[in-house]
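Good morning, and thank you for coming.

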Amino acid sequence: MSQTMSQRQPPLSTRLPPLICGTATFNNQYNPDPYALPTTAIVHEALSLGVRAFDTSPYYGPAEHLLGSALNTPFVHQNFPRRDYFLLTKVGRLSGDEFDYSASWVRHSVQRSLERLHTDYLDAVYCHDVEFVSPAEVLTAVTELRKIRDETGVVKYVGISGYPVTILCELAEMVLEKTKEPLELVMSYANFTLQNTRLASIALPRLEDAGVGVVPNASVLGMGLLRRKGVPIGAHGDFHPSPTKLRAAIQAASAWSDAQDINDNQLEKVAIRWAFEHWLHDGASLGSSGDPASGIPWQRESIEKYGGTKFGVSVMGVSNVEELRETMRVWRGILDGLEDGEETAVDAGRGLDDRTWSLQRQRDVEVLARGIREKLGDWIDYTWSSPPPGFVNKRSAPAVPAPLLTPAATPDQLPNRAVVRESSGLQSMPQT
């Protein structure tokens, strides 16, 4: 019996970098005009700082185009061979209320992502927001992605992503039962934060039992919930599903943190450091041992320098170069404070003082995080409904036939239906 691509290639947990640059912020959901963002500068700076993985999705508006354009430049071609960085994208989610997990759409979506990202292969592809479709549809999409993987090699690893951790666990278990092959990665967002740690307490044991390879933790600020200035407001207005009372509790906790006599006590700074640092340890059982981006110039690294075999994988999201540099400063501060981190801090040019600062910062963040969680009280581990009550997938709903034209009709009188699907770019695709 011939081996599948999954059996021939090394486990993802031995290759994926533990810090991934997400591009959900390259989207008008988070920013009023994503084209105004310095996306090329962000990507180039991320690579220069040692980041070796980028996560994106067709659902993130122009994100795939913007990321692909940033990577398709002389600077990247001359300094960063394609084999040196990971590209992770998704299939299945077209818009807020349209999903297509059919085999034909999966193939179309993969090909489109290859073109947008200017690459010959995708390191990993997720089925996006799996809670919005049926288990049978998820199985169809996973099967098709694996078929592409085994037949062409343009997809290397296959996984699923979504919000409700119990559904992610159920689907991972189903895929293993039905196909006898575990998922290679399962990503959740906003489920390992200062406010909610269900990804660790509920999901990790079940996903490990289901044979999942890697579990990345995305959106450590809970889609912007854990910020002093509140949830982000993009071109579509207030999209965040959190209830008003939770937002009020977050703001009260933020005010408490601001009042503490500790440097860098802003809610978002505490939340990012706490989630990165704790997931690095708590998520290690389903983490990875790829290049940790500790900052040693032009060197492929290993986490063995830190005395560990794997780190929990985190996805960061930034909207400008300053946010990226600050996030990397936090990440490297965490690495400097680890066992055997002293040597790496020196090799990276940061020195022993940075390690001393990191250890003190770790203690300060724990004090602030404990107080913030106490202020949140009953809102700890609260989750919102996904999909929301009454959700209907418009993609699978029967199309309404257009009315027949009368002899008196002229082109000027035709209903303006051509723009209905313009935003998703799917006008020529058949309905399923």
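I begin with a cysteine: Cys169 is buried, at a relative accessible area of 0%, where buried means under 20% relative accessible area, exposed over 50%, and partly exposed in between, with a 1.4 Å probe and protein chains only. Cys21 is buried too, with a relative accessible area of 1%. The structure holds zero disulfides, a disulfide being a pair of cysteine sulfur atoms within 2.5 Å.

A word on the basis of these values. This is a predicted model, in which local features need pLDDT of at least 70 and side-chain atom pairs count only at pLDDT 80 or more, while totals for chains, interfaces and linings use all residues. Residues are numbered from 1 along each chain as its sequence is written, and side-chain values use heavy atoms, with hydrogens and water left out.

Let us turn to the strands. Helices (H or I, at least four residues) and strands (E, at least two) are DSSP runs, numbered from the N terminus. Two strands pair if DSSP finds at least two bridges between them.

How many residues of strand E3 are buried? Six of the six residues in E3, residues 86–91, are buried. In general, the side chains of a regular strand alternate between the two faces of the sheet. In E3, Phe86, Leu88 and Lys90 point one way, and Leu87, Thr89 and Val91 point the other way. E3 pairs in the parallel sense with strand E2, residues 53–55, over three bridges, and Phe54 has Leu87 as its bridge partner in E3. E3 is also joined to E6 by four bridges, again running parallel; here the partner of Thr89 is Val125 in E6.

Val125 leads us onward, as it also stands opposite Val158 in E7. Strand E6, residues 122–127, and E7 run parallel and are joined by five bridges. Why is E7 described as largely enclosed by the rest of the structure? Seven of the eight residues of E7, residues 155–162, are buried, so the strand is largely enclosed.

E6, helix H6 (residues 135–152) and E7 make a right-handed β-α-β unit. Right-handed means that, with the strands pointing away from the viewer, the path from the first strand over the helix to the second runs clockwise. E7 pairs with strand E8, residues 185–189, in the parallel sense over four bridges, and Gly159 stands opposite Leu185 in E8. The chain crosses from E7 to E8 through helix H7, residues 165–179, and this β-α-β crossover is right-handed.

Ala190 has a positive phi of about 60° although it is not a glycine, and it counts as buried at 2% relative accessibility. His118, in the loop between helix H5 (103–117) and E6, likewise has a positive phi, of about 55°. His118, however, is partly exposed, with a relative accessible area of 47%.
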